[in-house]
Amino acid sequence: MKRILLASRSLFPCYKGGSAFVTESLAASFDKEELVVVGGRFFLGEDTRFNRKPDVKFIYLPTEIHIRNRGHKYFKLIRWLLVFPFFVRQLYNIVKKEKIDYIVGTFPDNFYLFGSYWVSKWANVPFSSYFHNTYMENRRGIDRWWAGIVQERVFNQSEHIFVMSEGMGRYYNKKYNWDKFVPLTHSFDEYPEGVKPTEWQQKKKWKLVLIGNFNYSNLDATRFLFDALKDSDEYEIVLCTKVPTPVLESKGLNMKNVTNLGFVPDDDLFPTLQKNDIAVVTHGFGGKLEEVEYETIFPTRTIPLLLSGKPLLVLSPGNAYYSEFIRNRNCGELVEEKDKALLMKALGNISRNPQRHNELVANASKAAETFYGKTVIQTFKRKIRETRAAEVR
């Protein structure tokens, strides 16, 4: 097996979003001789200690400029003009020092994606890319112009272009008519301890739990859910998110019937989920992202919710690949329109129908097997072994 460098800005604990979860889960399936992960930290210093398996080496580079992890966009130009040359040089040095045979650059951060592309050319090391989301297709104005430059070069240099879902793979295969696009889903490295499938019980009030971030990819569906249940006596909402309540309110979320527990560490996540009754994923019906993004993205928070032992409620448009996944595996009660009557019917199917409740729990557990890291990683390793580039050593 080649020694791979995976360049991904988002790593725990400096970042706690979906991309960090994807990178950490992928890395957990490798041995220490197979992989080196390079990610970002604040340039003035940041605590990078994190309780992870010691097998794989993680290297943090001071590439991030922000104010308390906010305001990244205001430093974008400075980051590219001043930090990018330093980053490329540091990454090149790591490639040489660690005797790297293969480089994989990840998006949604074009900085790390483009930097790893340049280093692969400079060091003459084979290269592939990993897109968690669509890139150029979801940009406008000058950002789209720049994205076109980066994406064209990265696509051409990539031996394989790994994408987050089969939906993304189908979209790109149809658009480019290439055989480079390879679905590489989210993954988890081990099953949670102590989680038992929950059987239906009669309850006076059902707790709906949501985890993760809330942005343009899911904001409109989340608003709809909160508005629909704000006066409910039968259902209440519990959030596990790093986003403070005032920020959520500023985004138009009605917090009347909502409890925000804040960010819940991994060690406490499943015990917290087990204290609730229905796991919920809100996937955007629309918003400020391009239509292709809503059609192809696959929410990272799906995996822990499938593993939670709870029935899954999903708000997602009918034409999205994510809805197709839920529908085909019958692993969630699916609401395909922002219609309160349909939402309440779906909730009733879970809370008042023991057979449907227990069926969803069982099917969710089966669906989670799709994302088991040791299975997912075999696709990744097999493709890397199929490199078409000449060996550099």
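How many of the 11 residues of α6 are buried? The count is 9 of the 11, so α6 is largely enclosed by the rest of the structure. Buried here means under 20% relative accessible area, with exposed over 50% and partly exposed in between (1.4 Å probe, protein chains only).

A word on the ground rules. This is a predicted model, where local features need pLDDT of at least 70, side-chain atom pairs count only at pLDDT 80 or more, and totals for chains, interfaces and linings use all residues. Residues are numbered from 1 along each chain as its sequence is written, and side-chain values use heavy atoms, leaving out hydrogens and water.

**Helix α6 and its cover**

The buried set in α6 is Leu219, Asp220, Ala221, Thr222, Phe224, Leu225, Phe226, Ala228 and Leu229. Among the elements covering them are β8 (206-211), β9 (235-240), β11 and α12. Helices (H or I, at least four residues) and strands (E, at least two) are DSSP runs, numbered from the N terminus.

**Where α6 meets α12**

Take α6 (residues 219-229) and α12 (residues 340-351): they pack at about 80°, and their axes are 11 Å apart. They are therefore roughly perpendicular to each other, a label for angles of 65 to 115 degrees (under 35 is roughly parallel, over 145 roughly antiparallel, the rest oblique). On the α6 side, Phe224, Leu225, Ala228 and Leu229 make the contact, meeting Lys340, Leu343, Met344 and Leu347 of α12; contact means heavy atoms within 4.5 Å. By class, that comes to 7 nonpolar, no polar and 1 charged residues.

As for α12 itself, its 12 residues reach 16 Å from first C-alpha to last, close to the 16 Å expected at 1.5 Å a residue; the expected span is 1.5 Å times one less than the number of residues. Leu343 and Leu347 are among its buried residues, along with Ala346, Gly348, Ile350 and Ser351.

| Residue | Loop between | Relative accessible area |
|---|---|---|
| His283 | β11 (278-282) and α9 (291-296) | 1% |
| Val125 | α3 (110-123) and β5 (127-131) | 5% |

Leaving aside neighbours within four places in sequence, His283 is in contact with residues including Asn218, Ala221, Tyr294, Arg301 and Tyr322. Ala221 belongs to the buried set of α6. Val125, for its part, sits 6.1 Å from Asp101, C-alpha to C-alpha, though the two are 24 residues apart in sequence.

Conventions
Axes fitted to C-alpha atoms, helices over the stretch in contact; angles between N-to-C directions. Nonpolar A, V, L, I, M, F, W, Y, C, P; charged D, E, K, R; others polar.
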